[in-house]
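Let's walk through this protein chain together. Have a look at the model first, and then read on.

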Amino acid sequence: MAPPRLPRPYELNPDLKATLRVESFQGTFSSKTFIEKLSSGIIATRIKENSNTFDPKPFIRTFESSLEELERLSSKMQKHTIELERETQKEELAFKKQVKELGLGFEDVQSSLESLDSRISEVGSTAIRIGEKLETADKQRARAVLSKKLMEYFMQFNDGRCPALESLMTQQGLDGQVEAARILRQLAVLAKEVDLPDTQAARDGIEKFREQFETDMLSSFDKAYRQADPKVMAHCAKALLEFNGGHSCVQIYVNQHDFFMLHSKVNESTAVESPDQENLTNPVAAIPPIDAGLIKLFDDIRTTVDQEAEIISMVFPNPAAVFQVFIQRVFGQSIQQFIETLLERAQAKSTLAYIRTLHSIHEQTVLLVEDLKKCEDTLKIGINTNMKGSNASVATQPLAQTLDRCLDDLFVPYLEGDRYLEKELQSLCEIYDSMLAKFTAYQLQRRGGNKFRAIITRTFNQIIDSPNRQTLPPVVQENFATVKNPEKYQNMQVSDDDGNLSVEVVIKLLKIHAESVLRSLGLLPVSGRPKNTAVLFQLLNDYIGMRYIDAALDSALEDLSALDPKFPPDMRPMKRVKLVSGIVHLLQMHFQTAILPLTVPSPQVYRDTVIQKNKLMASVEDKANATIQKEIDVILAWLENCLSRQRRVDFKPKDDEIDLTGLATKPCMDCCEFLRRMYDMIRKYFDGKNIEMFCTEIGIGFHGMLLEHFKKFSISPVGGVLLTKDIAKYQESVKAWNIPQVNERFEMLRQLGNVFLVKPEILPSVLGEGYLAKVDFKSLYPYLQMRVDFKTSKIDKLFEKLNIHTNGNGGGVEAVTGGAGTMQTATRMAALEDLTGAKFLSYSLR
């Protein structure tokens, strides 16, 4: 037992005791604020006493008392917490027990519900079986009642007449007539099945009564149709539907329709507004509008079909089936007759007019079909309304499916198989033959018909033998293999301009081809699109690539080969090369935008078409390069011809012939003037890198030619001055080209000219500087020999002092410096070869 608490000499005042209660520690608690409250009274007392010294005893006594009070409070709260935990445990145990009891109760309820559900399912299954049996019994009873009634009607007909059926028709109104129609249909079936003696009268009576009933209903329907009475028409249609499916009244409705009466026949006297014949047959003109008569017919069809959809929905119990018959009649009679007339007229004009008309008709018909499909909702409403109370079953396909089939059937005669594609190819061949007629005639007359046809045949055989070829239709093979009617080209009047290439003509050909591809997209199935596009592109390749570009380049090569070297070369073939470059670019753009995307769905066709295009490009580029190389050869031959006019005494003039005021010798002036004109022409025909490559080839070739040229003449000191003037003129001519590679060679040539000017003792210094320092003395020796003072100035002795001596034949020199000298000689020889050699860079069309 704890000792009793002794009274303390210093007790807390009431305010501090109030601070040391449980409520002070609830909520937000601040230890600083708490200490300040405990010390506030002591601090206030010290302030009143005006004491300047700090006395800790009051604080110690207060804090000790507060701690004791807090310990008592903590002990009290601890006891209270233990008590609460004990009560919480009791409550938790009671709650768990209660939850367990409730769980057992829920399990019992769940079990009861499952048992109840099982019993309900059993009762439902029993009820369904009972319902099925009742339904079967009811059907059997109904059939028995109906059989009894039918037998009664049958026996009455066998006795001569059937008053019960007559009474049903006359006394029970419209519903009676519908019921009578249903009974008559069943009696007809019964009459076919019953084949007993003495029942012929019943069969005859039933048949006669049925004929009379159908006649009366059709007469009423026709009368109501003429009087525009949809109620009576609907009743008759419903009765006839129960009687025989309603086909007879549908035929009357369709056959007597005013629309078919008005559009029963399209002939020459019909007001059909055909488009202008010139525009329709002109391949470069815009496609004219579709025939106004067809537009009017389609507008009439739209108006009529919209009206008839509502009428048919009100009148017929099976409006969808009736509407399909009406639509089939519209397409099979009115539209088909009109289309046949338009296509016959177009075919009489040209194949292009035919396929343009066919495509325009197809576009307008597709739009018509899309508009007619909107009537399906109206027909569905009619089915739901008119079929009430009817036992007849009507099976119809969707209206959209019927319209699509009508559209396909309408164009089968024109699009089936390869019929349309062959027409399209035939049209392209006719147009291309016409547009290239002058060019073809020029080639045949100029080069000879047999030779031109041989080129085409050779090209065709290459395509046929290629493993990557497409299957060619007969019309394409015919146009590949030969030029049609070559005799007509022989007598055609042509000029030189007709043999020139024209970018404008190619643009027209590509536009015509693009129009053809666009037509094929609308008329041919999607599955055959890659193959058909490839065939169309193959025909384009034949005409533009082989018959146009290839023939033009062949002509250019022949023109260059036939040139007389005594006359300046013709630069016009380079204009053809420039035109070929532009045409190939256009063809490439057409291929990328109009052809390639359409062949992507078929990897095989895509690959073959790309290979075919690349082969054409490579062939044209090779032939263009051959033409350029031939032009270069002709130019160099002409320059050589100009140099050949150099006189022997031009560089060794006599005293009375010396004229140092002249600019250059006559051959030099001729060459420089030609190079200037050549460069001006090349800049017109080529651009960019191609100009540089062409001029580089000319410059290098001409440089080598001059090196050989200067070995042929003896050169005096005065002649050396003339020679350097020629070289300066040559250098000035090629400097305008601004080609470093060529400029270096002619700078070397200028330095070489200095060896004819300087004194003999200065030659070693000249030969050891600049480009000449890179050249072996052996290669320079022939030029030194051409100095007239070579012997008199003992230049050969000078070389001996430099450890260089002649080979004994006067034709060269030999180094005597050992292995190092030999290596240096080889290096110099390589440098000279680099300065004089020529490497041809291929001309690029891409």
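The paragraphs below go from confidence to the overall build and then to one helix pair.

This is a predicted model, in which local features need pLDDT of at least 70 and side-chain atom pairs count only at pLDDT 80 or more, while totals for chains, interfaces and linings use all residues. Residues are numbered from 1 along each chain as its sequence is written, and side-chain values use heavy atoms, with hydrogens and water left out.

Confidence comes first. The protein chain has a mean pLDDT (the predictor's confidence in each residue, from 0 to 100) of 77, and 74% of its residues reach 70 or more. Over residues 381-395 the pLDDT stays under 50, and the model gives them 30 contacts (heavy atoms within 4.5 Å) beyond four places in sequence. Where pLDDT is low, the predicted coordinates should not be read in detail.

Now for the overall build. The protein chain holds 32 helices and 2 strands, taken as DSSP runs (H or I, at least four residues, for helices; E, at least two, for strands) and numbered from the N terminus. Of its 846 residues, 43% are buried, meaning under 20% relative accessible area with a 1.4 Å probe, protein chains only.

Finally, turn to α11 (residues 292-315) and α12 (residues 319-349), whose axes lie 11 Å apart at an angle of about 170°. Axes are lines fitted to C-alpha atoms over the stretch in contact, and angles run from 0 to 180 degrees between N-to-C directions. The two helices are therefore roughly antiparallel, the term for angles over 145 degrees. Their contact includes L297 and F298 of α11 and F323 and F326 of α12.

Conventions:
Angles under 35 degrees count as roughly parallel, over 145 as roughly antiparallel, 65 to 115 as roughly perpendicular and the rest as oblique. Buried means under 20% relative accessible area, exposed over 50%, partly exposed in between (1.4 Å probe, protein chains only).
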